Every structure is written in structure tokens, then in C-alpha cells.
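Hi! Here's the structure I promised to pass on. Have a look at it first, and then read on for what turned up.

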Amino acid sequence: TLKDVELSSVVIMMNGLPGNMGREVAAACQRRGMELAKVALTGPDFSGESVVVGETTVSLVAGEMADEALTKLVSACKE
């Protein structure tokens with residue numbers, strides 16, 4: 001169950017980071033001890049940009065780049 005999970009072992013992929021609400025939710029997750037993934041999905045207007053939340057820099061990806069980024073993220077989380 002979720003109560004049995006150590007929050008420090010949870011990696012959150014927070015999409016919508018260009019917006020204020022996305023950054024606030026991501027920061028709240030970090031304050032509770034969760035790790036923020038270093039990649040997030042976004043629309044084409046923000047693809048290739050980065051957002052800093054706390055001490056984590058998150059790369060924003062869209063379109064074809066998203067598939068590759070998600071595959072790498074899943075592989076990294078399995079390690």
C-alpha cells in the first residue's frame with residue numbers, strides 16, 4: 001500500500017512545469033521527500049527548455065523527443 005512506501009524512493013514526473021501550479025506541486029513533492037524526475041513532458045512551445053525546482057533542473061520535452069526521454073526515465077528508475 002502507499003502507506004508502506006518510503007517517499008524518498010518515489011520519483012515524480014511532473015508535467016506542466018512551465019506553469020506556476022506545476023512548479024508549486026513539484027516543490028511540495030520535494031518538501032515531502034520525493035525525488036523529482038529530471039525530465040517532464042510539455043507542449044511544443046516549451047520543448048527544449050529547462051525549469052529549476054529546488055535544486056533539480058528538469059528538461060522539458062515534447063513530440064518525438066518525449067518517447068526517447070520516457071524510455072530513458074523508466075530504465076533509470078528500474079536501476
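First, a term: helices (H or I, at least four residues) and strands (E, at least two) are DSSP runs, numbered from the N terminus. Keep in mind that this is a predicted model, where local features need pLDDT of at least 70, side-chain atom pairs count only at pLDDT 80 or more, and totals for chains, interfaces and linings use all residues. Residues are numbered from 1 along each chain as its sequence is written, and side-chain values use heavy atoms, leaving out hydrogens and water.

Let's start with H1, which covers residues 20-31. Just after H1, Gly 33 has a positive phi of about 100°.

Which residues of H1 are buried? They are Gly 22, Ala 26, Ala 27 and Cys 29 (buried means under 20% relative accessible area, exposed over 50%, partly exposed in between, with a 1.4 Å probe and protein chains only). They sit on the same side of H1 because they cover an arc of only 155° around the axis, taken from the directions from the helix axis to the C-beta atoms. On the face turned away from that side you'll find the exposed Asn 20, Met 21 and Arg 31.

Now for charges. The whole structure has 1 salt bridge, meaning a side-chain nitrogen of Lys or Arg within 4 Å of a carboxyl oxygen of Asp or Glu. Lys 72 and Glu 68 make a salt bridge at 3.2 Å, N to O. These two are 4 residues apart in helix H2 (residues 64-78), so about one helical turn separates them. Lys 72 is exposed at 56% relative accessibility, while Glu 68 is partly exposed at 48%.

Notes:
Expected span 1.5 Å × (residues − 1).
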